[in-house]
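Good morning, and thank you for joining this group meeting. I would like to take you through one structure, part by part.

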Amino acid sequence: MKKILVASDTHGNNRYLKDIIEKNAPIDMFIFCGDGEGLERDIKSFVGDKCEVYMVRGNNDYFSELPDELEFELGGEKAFLTHGHRYGVNITTDHLVDEAEERGCRYAFYGHTHRPDFTQKNGILCINPGSLSYPRQFDRNHTFTLIEEDDRGELHFSMASIEL
């Protein structure tokens with residue numbers, strides 16, 4: 001069983017992130033959708049050297065050298081990772097879906113809205129883990145996404161929240 005943790009929008013407040021990584025350890029892959037504000041300097045100490053890490057820069061990562069976008073493999077399929085602000089995700093995920101389709105990706109990970117989302121459009125699964133630091137959805141839960149890949153290679157997605 002492979003365990004993947006997806007987070008976004010910590011905005012330099014990494015206490016919750018470190019806590020959920022420790023509670024879910026060991027993790028095999030870490031995906032971060034941007035606005036970590038320096039997280040890239042500390043992430044290896046949180047997840048360990050054997051964990052695959054995919055991170056992008058968000059609109060508040062002013063001095064980051066992280067890429068704006070990435071593609072990687074997830075469960076035998078292509079995945080697209082971006083913060084989302086350049087795709088207008090506050091209004092719609094249509095442009096994000098178009099980009100993922102054009103790249104031949106099955107999954108599109110994004111952040112920026114601080115609201116968790118699992119939306120299926122045109123065969124693309126859009127995944128926003130929400131925000132660990134500044135949630136904006138109605139219940140204001142600090143959320144992240146867990147993905148487990150079973151022995152058959154099937155992915156199982158779940159939204160999780162921090163118990164404060």
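Predicted model: local features only at pLDDT ≥ 70, side-chain atom pairs only at ≥ 80, totals over all residues.

**A strand covered on both faces**

Let me begin with strand 2, residues 29-32, which is covered on both of its faces: M29 and I31 on one side, and F30 and F32 on the other, are all buried. Buried here means under 20% relative accessible area, exposed means over 50%, and partly exposed lies in between, with a 1.4 Å probe and protein chains only. Strands are DSSP runs of E with at least two residues, helices are runs of H or I with at least four, and both are numbered from the N terminus.

Residues are numbered from 1 along each chain as its sequence is written, and side-chain values use heavy atoms, with hydrogens and water left out.

With which strands does strand 2 pair? Strand 1, residues 2-7, pairs with strand 2 in the parallel sense over four bridges. Two strands count as paired if DSSP finds at least two bridges between them. Within this pairing, L5 has F30 as its bridge partner. Between strand 1 and strand 2 the chain passes through helix 1, residues 15-24, in a β-α-β crossover that is right-handed. Right-handed means that, with the strands pointing away from the viewer, the path from the first strand over the helix to the second runs clockwise. Strand 2 also runs parallel to strand 3, residues 52-55, and four bridges join them. Here F30 has V53 as its bridge partner in strand 3.

D9, in the loop between strand 1 and helix 1, has a positive phi of about 50° although it is not a glycine. D9 is buried, at 0% relative accessibility. In the loop between helix 1 and strand 2 we find P26, and the peptide bond that joins A25 and P26 is cis, with omega about -5°.

I now turn to an open sheet of five strands, in the order 4-5-6-8-7, with mixed pairing. Its edge strands, each pairing on one side only, are strand 4 (69-74) and strand 7 (116-121). Neighbouring strands of this sheet are turned by 20° against each other on average, direction ignored. Strand 7 pairs with strand 8, residues 124-129, in the antiparallel sense over six bridges. In this pairing, D117 stands opposite N128 of strand 8.

Which helix lies across strands of this sheet? Helix 3, residues 94-102, lies across strand 5 (77-82), strand 6 (107-109), strand 7 and strand 8, and runs at about 125° to strand 8. Contact means heavy atoms within 4.5 Å. Axes are lines fitted to C-alpha atoms, for helices over the stretch in contact, and angles run from 0 to 180 degrees between N-to-C directions.

The loop between strand 6 and strand 7 holds H112. The phi of H112 is positive, near 75°, in a residue other than glycine. H112 is buried, with a relative accessible area of 15%.

**Charged pairs**

How many salt bridges does a search of the whole structure find? The search finds 11. A salt bridge is a side-chain nitrogen of Lys or Arg within 4 Å of a carboxyl oxygen of Asp or Glu.

One of them joins E71 and R103, at 2.8 Å from N to O. E71 lies in strand 4 and R103 in the loop between helix 3 and strand 6, so the pair ties together parts that are 32 residues apart in sequence. E71 and R103 also belong to a network of salt bridges that includes E69, K78 and E99.

Another salt bridge is formed by K121 and D94, whose closest N and O atoms are 3.0 Å apart. Since K121 is in strand 7 and D94 in helix 3, the pair ties together parts 27 residues apart in sequence. K121 is partly exposed at 24%, as is D94 at 39%.

**Cysteines**

Finally, the structure holds zero disulfides, a disulfide being a pair of cysteine sulfur atoms within 2.5 Å. C126 is buried, at 0% relative accessibility.
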